[in-house]
Amino acid sequence: KKTANKNILYFTIIILTGIIVRFYFQIGHVFSDDAYYSYLSYTLYKGDFAKDYLGYPVFLLRVTYLYITAISFKLFGANEFATVVFPFLISIANLFLTYKLAKLFLKSEATALTATLLMAFFPTDVVFASINFADAPNIFFINLGIYFLYKSYLNQKLKYAVAGGLSLAFSMQIKENIYYIFILLIILFFYLLLKQKRINLQIVIALAFIVLNIFIEGIIYLFLHNDFLYRFTILNLNYQYSYYDFFPYTAQKLSGVKNYWRNLFDQIFLINFRSVFLRRFYLFLPIVASVQSYFNFKKKKNLLLTFWFVGTLMLMLLFTTSFTEYKPLDLKRSWYIFPLLMPMIILTSQLINRFGIKIKTLLLIVYIAGSLIMCRQYEIYFNKDNLSALKSFLSNHQNEKIFTDHFTKYSVDLIRNYPNPESSVRISGKEFDWTKVKNGDWILYNQKHIDELKMQGYSFPDFDVLNNTKAFRLVKKYGDFKIFEKRF
């Protein structure tokens, strides 16, 4: 009983510390994909879904995440805070799930506590607890599904498998990462069938829920869009829309050549491999987890956990993003680690607990120190100081009319709590009439935003007019963002 109370105390301290760290390193709106999520959620909240939407087509499919944010708008008001409530709560819930999963797989209280501590401080999970991205919530429900499926297998109670299947299906309406687990479940199903000559009902139930979700969704899309495969149609459109984010364009930027095999090698080994194993934001935990995986394979222990990690790792490095040709995913964005995060953390905690208390304590101290440093590096990466100053400036100037590109406009409206629609205006088209900008109006300009939007196929006027004429003056500059005022 004394040991149990001590473990409860340790767990409580870890959870509270995790919450404090997430509050301290909160970032909020970063003028990125969260701008699209926020706008689409706001249109749901207002009852005119995707009205005048310009942006990635795939975001339209993530309706569950959009609905949750819309509900948050209803509860907390249409503002920046409401957009990060759900990601923050999910990040805290993920700490509890980490403990439960680690204990379920490894049957060790000490290892489960270590895993929870690692997750509490892991930089990517800490920072994205306060950013309105769908990645962390999506993976949370996938991992929750895995927890229920394995618990069903151990306890031989199919009600847990049903809960797991429902959780996996729910994740599919948040983001599309379910295909990793779908493939791993199929591999595991046939392995058990061939090796042990039996059908695993937990896997059958999980696959049934995933396939049923696709079928029901297809029927709905058939009625709404006359396209049963509407999801895949949109995914293909999204690939065309943001081609520059996908292979081979990503690898071509590295090598400068268009040879397919050279690009493929560069994508897998010089981009993806390095992005996973040699990225400082991850504190080299993928390498640590790989070492523990080797030990597990050698001793033939914890093979299911190891399969989860190694299988997901291989799929992330090698899996195609296209059904018509082989195009591996580009992993340069650090938040793409989320599908790998849970098994990686649990395996790392297993390796750390192989050592004595002194070495273990030293390793955890070094890890926590490195994590805090990397959290600060994330703030620099997202340009938090400048963004915070820009958001404060926009919030304090609600009445000024702002002209900007459509992407930046989504963020401006959110930060100013969705004021009168006339308070912000899109700048678009090469023939944009600058006389629409009246004396005292502002132009919010970001060259990087414009460059990316041009790659998406949008056209804009010549913004050199802002610097080359006396009609405009620079009011403020926050990193890449510049605010100009029309003088006359």
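Select F295 to start: at 24% relative accessibility F295 counts as partly exposed (buried is under 20% relative accessible area, exposed over 50%, partly exposed in between, with a 1.4 Å probe and protein chains only). The model is predicted, with local features needing pLDDT of at least 70, side-chain atom pairs pLDDT 80 or more, and totals for chains, interfaces and linings using all residues. Residues are numbered from 1 along each chain as its sequence is written, and side-chain values use heavy atoms, leaving out hydrogens and water.

Next, show the aromatic rings. Rings of Phe, Tyr and Trp (its six-membered ring) pair if their centres lie within 6.5 Å; planes under 30 degrees apart are stacked, over 60 edge-to-face, and the rest tilted. By this rule there are 66 aromatic pairs. Pick F122 and Y282, a stacked pair with 6.4 Å between centres and 20 degrees between planes. F122 is in the loop between α5 (109–121) and α6 (123–127) and Y282 in the loop between α13 (260–277) and α14 (285–299), so the pair ties together parts 160 residues apart in sequence (helices are DSSP runs of H or I, at least four residues, numbered from the N terminus). Both F122 and Y282 are buried.

Now select K159 and Y160. The charged end of K159 sits over the Y160 ring, 5.5 Å from its centre (NZ of Lys or CZ of Arg within 6 Å of the ring centre and within 35 degrees of the ring normal). Then go to R280, which lies over the face of F281 at 5.2 Å from the ring centre.

Terms used: Helices (H or I, at least four residues) and strands (E, at least two) are DSSP runs, numbered from the N terminus.
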